[in-house]
Each structure stands twice: as structure tokens, then as C-alpha cells.
Amino acid sequence: MRRLVLTFAVTQTVGYGVLFYTFGVFNVPLARDLNASATTVSGALTVSVLAAAAGAFPVGRWLDRRGGRALMTSGSIVGTGAVLAWSQARTVWQLYAAMLVIGLCCAAVLYEAAFAVVVKNVKPPKRSGAILAISIAGGFASTIFMPLAGVLGEELGWRTALVVLAVIHGCLTIVPHALWVPRKGMDQESPGPRLPLAAALGDRVFWLLVVGFTANSAAASAVAVHLVGYLLGLGHTVTIAAAITGLLGAMSVAGRLLTTRLSQRFSTAAIATVIYVGQGACMLLLPMVGGSVAGAAGCVLGFGLGFGVASIARPTILADRYGAMAFGRISGTLTVPVILARAAAPLAVATLTISGLPLFASLTSLLAAACLAAAAALSTGSLPATAIPPN
């Protein structure tokens, strides 16, 4: 187990850092060199996110049937090539094509795929710890790779910087995935459930989880995009607003640690529900106390605790309720609306704000939906016996 966790700790950090976070660093020089607007160039990242959503279910089905080694190794190879292609983009359509391929590779190599492999290869008592370790390491991807990309871009230009990052990605992901990701999941003989996708789709709790995680993902995405602007509107300087917003990343790691620690005494679903309630309370308070640095920082700290919870709670809850047999497909099905919400929420919330609905009223509504769905899922209890197929 340790070797698998160490492998994913490295590959997830590098994968998120190169395939996702560096785009924001090179957005401006990309737009300048391609003679395109910032909006047009930013659309390439949206295409990448949508491609990842489209690939979620097919990837999950592959992982259930054939294991992770071949898929994740191939995804790392193609992803490295796509970053190299991105570095040579001379037109907007070439940029979009490269980001489309990168998005598909993200579906094959990042958290959802890695956690599916973990669920199928780590015994239930150690799963939460394994997922925690991987997600904490991945949480530092932006901290490591955004400054690195910035330095490389300043010294070498964005094209050469991407070539260097592609080499780093290839060296640190292809070989580990090829050597240390199991070919297939081990046969889990633990006493937990082993349910097919159909049983999950027929379970009311599954759809409550879809609503809860989707609403929370939408709120988190909108906050990440709009928080700096909102704090500027409250009278804070750019430096203060950026610094306060930066607390979200640090608190996401704290939230993951807190969730795992509390899971020794309480169910993960219960912990997620309480944290979502806390996030909603912080969003309600922010317009009232956010004019002061302490008030704004306190609300952002409270909201940030929930930023990293979903990455642990989602695979843990799904594995505990439905088992490992069809985990990839079940997780992939739930992931699609979560990713779509993450992509659409910033624009949707901005549109509602322009239409007259206050920004954080929109966010509070999303968090309220997440809380209610999580609480309803928590109160439903175990699966009915008719949902469990005979051995």
C-alpha cells in the first residue's frame, strides 16, 4: 500500500500542477502571442474541464474491468505529448485541440482515477488514510507548480517553459504509473457491500449525494473565481484580497486532516454535512463582517475548511456504501455533474449577480442545497435488502 500511496502522491501533485494549474500562469502571454482575447483563451480551459467530465464514466468503466496501469500510463504519455503540443500552438484552434486532449488525460490520471485504484487495492480500514495522504500531497500542486511555471516563463518564455514542464511531467508520471500501479484490483473479500452500478442508480441516497456534491462543487468554484473581486468591492486592497483568498488552499489541507481525524468517531457523511453547514454560515456572515480584515479572513477560513472535504468524502462514502466492485463506474457517474457544475458555476453566478441577485445569496443557496441533500442522505440509513444482489 505504501508504494501505491507514494506513487500517487507524486503523480497527482505533478499531474495537477502541469495539466491544470499552469494554464492560469500562461493565460496572458498565450492571449498576446495568439492575438486572441483573454476570454477566448480562457475558453480552452473550459473545454479541458468539459473533456474531463466526458471521460469520467468511460474511464471508470475501464478501471473496473481492466485496472489502472495501462490506462494511467497511457494517459501520462499522451498528456505529456499534449503539453508539448500546447507549447507549439500558433492558432486558437491548436490551443483548444491540445487542451481537449489534456482534459481527457486528466480524467485518466488524476484524483478520480487514482482513488478508484486505491479503493480496489487497499483494504477498507486503510482506505481513508491512503486517500488522505494522496489528497494532501495533491493539495500542494498549485503551491509548487504555479511559482515554478512563473519563474520558467520569465526566464525562458512560456513556450520553452511548457517544454520543461512536459519533461518533468513525463519523467515523474509515466514510469511510476507503468511500474507501480497494479494491473488489476485485488479481489476484495472484505465483508462490505459489492454492488453493481444499477443498484447505486436505484438508490435514493446516490442521487442525494449527486445533488449535495454538485451544489458544493459549484459554490466552491464560484468562490475561487469571484472572491477577490468581492473583497475588493468591500474596500480591501488587492494585496489583502489576494492574501485572504489564498487562505482557501491552506484550509483545504486542514479540512482534509480534520475530516480524516473525525472519521474515527463519526461517519464521513455526518462530518461533510456539518462542514457544509459551516460553509453556508460563513457565506451568510461575509457581507456583514467582511469589511474588516479579521472578519473577512475568519469567514474565508471557515469556508476553506470545506474546500478539500469532497475529495476525501466522495470516494469514502461511495466505497463504504457500494463497495469496490463497480466503484469506477459509480464514481464516474457522480463525477460528471460535479465537474460540469465546477465549470459552469462561475459564469452562472456572475450572470445572476448582474441580474440583481447578490453574489453570496447565490452561493448560500447552493450551499443550502448541499446541506439539505447531505442531511437527507445521512438520515436515509443503509441500503434496502432488495437493492443488494445475491452472491
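**Entry 1: aromatic rings**

Two rings of Phe, Tyr or Trp count as a pair if their centres lie within 6.5 Å. I start from that definition. The model I am looking at is predicted.

I look for a cluster of such rings. Tyr-16, Tyr-111 and Phe-115 form one aromatic cluster.

How many aromatic pairs does a search of the whole structure find? The search finds 6. I take up two of them here.

The cut-off for stacked is under 30 degrees. Are they buried or exposed? Tyr-111 and Phe-115 are both buried.

Phe-206 sits in helix 10 (residues 204–233) and Tyr-322 in helix 14 (residues 309–322), so the pair ties together parts 116 residues apart in sequence. I check burial again. Phe-206 is buried, and Tyr-322 is buried too.

**Entry 2: a charge over a ring**

I turn to Trp-62. Which residue lies over its face? Arg-66 does, at 4.6 Å from the ring centre.

**Entry 3: helices 1 and 4**

Next I look up how helices pass one another. Helix 1 covers residues 2–33, and helix 4 covers residues 92–109. Their axes come within 10 Å and cross at roughly 160 degrees. Angles over 145 degrees count as roughly antiparallel. Helix 1 and helix 4 are therefore roughly antiparallel to each other. The crossing of helix 1 past helix 4 is left-handed.

Which residues meet? From helix 1 I list Gln-12, Leu-19, Phe-23 and Leu-30. They meet Leu-95, Met-99, Ile-102, Cys-106 and Val-109 in helix 4.

**Entry 4: helices 3 and 4**

I repeat the look-up for helix 3, residues 69–87. The axes of helix 3 and helix 4 come within 8 Å and cross at roughly 160 degrees. That makes helix 3 roughly antiparallel to helix 4. Helix 3 also passes helix 4 in a left-handed crossing.

I note some of the contacts. Residues of helix 3 that take part include Leu-71, Gly-75, Gly-79, Ala-82 and Trp-86. On the helix 4 side, Leu-95, Ala-98, Ile-102 and Cys-105 are among them.

**Entry 5: Phe-307**

Where is Phe-307? I find it in the loop between helix 13 (293–304) and helix 14. Its relative accessibility is 26%, so Phe-307 counts as partly exposed. Which residues does Phe-307 touch, leaving out those up to four places away in sequence? I write down Ala-220, Ala-224, Leu-248, Ser-252 and Gln-279.

I also check a distance. Phe-307 and Val-167 are 140 residues apart along the chain. Their C-alpha atoms are separated by 30 Å.

**Entry 6: Asn-35**

Last, I look at a backbone angle. Most residues other than glycine have a negative phi. Asn-35 is not a glycine, yet it has a positive phi of about 55 degrees. Asn-35 is in the loop between helix 1 and helix 2 (38–66). Is it buried or exposed? Asn-35 counts as exposed because its relative accessibility is 73%.

Notes:
Residues are numbered from 1 along each chain as its sequence is written. This is a predicted model: local features need pLDDT of at least 70, side-chain atom pairs count only at pLDDT 80 or more; totals for chains, interfaces and linings use all residues. Side-chain values use heavy atoms; hydrogens and water are left out. Rings of Phe, Tyr and Trp (its six-membered ring) pair if their centres lie within 6.5 Å; planes under 30 degrees apart count as stacked, over 60 as edge-to-face and the rest as tilted. Buried means under 20% relative accessible area, exposed over 50%, partly exposed in between (1.4 Å probe, protein chains only). Helices (H or I, at least four residues) and strands (E, at least two) are DSSP runs, numbered from the N terminus. A charge sits over a ring if NZ of Lys or CZ of Arg is within 6 Å of the ring centre and within 35 degrees of the ring normal. Axes are lines fitted to C-alpha atoms, for helices over the stretch in contact, and angles run from 0 to 180 degrees between N-to-C directions. Angles under 35 degrees count as roughly parallel, over 145 as roughly antiparallel, 65 to 115 as roughly perpendicular and the rest as oblique. A crossing is left-handed if the near helix is turned anticlockwise from the far one by less than a right angle, and right-handed if clockwise. Contact means heavy atoms within 4.5 Å.
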